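Subject: Structure handover

Dear colleague,

Please find below the structure for your records. A summary of the findings follows it.

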Amino acid sequence: MRVRLNGIEIAYTDEGQGPALLLVHGFPLSRGAWSRQVEVFKKNYRVIAPDLRGLGESEATVGAVAMSRFAEDLHALIQRLDAGPVILAGHSMGGYVALAFAKAYPQMLQKLVLVGTRAGADTPETAAARRATAEKVRVEGASVVVEAMAPKMLAASNKDENMAAAVRNLMSPSKPEGVIGALLGMAERPDAQAWLGEIRVPTLVITGADDTLIPPSESEVLAKGIPGAQLKLIPKAGHLVAFEQAEVFNDFLLAFLA
Ligand code: MLT
């Protein structure tokens, strides 16, 4: 489905009925990254999964897209769909966005699920590398990022070629301007660590044990910082844990939501 809001067209999935479960994908992915959750949770939840501005099938804008901007888009979407307060799950960059949402719209949040993500800002070196990558995308296109990221999404021990191809497909619709906008936005994102203690909703932190892009130690920091947060580590899973080990992931999420 598609809707126009905040000056752009956003593509999204909206399936099922019940409490609203808003699923926010990572970089440079798209809402299909949550397909294995949509099919299960739509039986008891209203599952809403947008493509973030500039990624997947959503329209891109020129320039950096701050995490708070993505959060504004989410807020506008749930207002438009008359959904919420939401259970918000964010993966990786989607987790940065989820934290920005939690800060800006605490009244719209029922529960929080942070997947393979972190609270800290970029180091100056990481931020500089992101800006350099953005420049490369400008010249060579989004495939630069897709080629670099695709092999890092799954556990190194995972030799499932069909799954690897599916992961690549989740990234292929990304537009160069969208990829650049997200890279520049991530490079300038604020450090969330100082205010994690203000999060007042039940929170689940989940990570793949074999995530090399955002190591499990980052999830430990999140779980320690957020009052009462639960932490789950999923074996044989890399960065894209909800896709790679969907059954185990879904069991943890179902138990948390019950
Ligand atoms: C993601 O998967 O969203 C990215 O790896 C996040 C990042 O680059 O920090």
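Predicted model: local features only at pLDDT ≥ 70, side-chain atom pairs only at ≥ 80, totals over all residues.

In which loop does P28 lie? P28 lies in the loop between β3 (20-24) and α1 (35-41); helices (H or I, at least four residues) and strands (E, at least two) are DSSP runs, numbered from the N terminus.

Residues are numbered from 1 along each chain as its sequence is written, and side-chain values use heavy atoms, with hydrogens and water left out.

Backbone geometry

P28 is joined to F27 by a cis peptide bond with omega about -5 degrees. A cis peptide bond also joins G84 and P85, with omega about 5 degrees; P85 lies in the loop between α2 (67-80) and β5 (86-91). N6, a residue other than glycine, has a positive phi near 50 degrees and lies in the loop between β1 (2-5) and β2 (8-15).

Ligand surroundings

Around the ligand (a heavy atom within 4 Å) are G26, F27, S92, M93, Y96, R118, R130, M149, M186 and H239.

Helix packing

The axes of α2 and α3 (residues 93-104) come within 8 Å and cross at roughly 70 degrees; axes are lines fitted to C-alpha atoms over the stretch in contact, with angles from 0 to 180 degrees between N-to-C directions. The two helices, α2 and α3, are therefore roughly perpendicular (65 to 115 degrees). Their contact (heavy atoms within 4.5 Å) involves M67, S68, F70, A71, L74, H75 and I78 of α2 with M93, Y96, V97, A100 and F101 of α3.

The axes of α4 (residues 124-140) and α7 (residues 176-187) come within 9 Å and cross at roughly 170 degrees. Helices α4 and α7 are therefore roughly antiparallel (over 145 degrees). Residues of this contact include R130 of α4 and M186 of α7, both of which are also among the residues around the ligand.

Yours sincerely

Methods:
Parallel < 35°, antiparallel > 145°, perpendicular 65-115°, else oblique.
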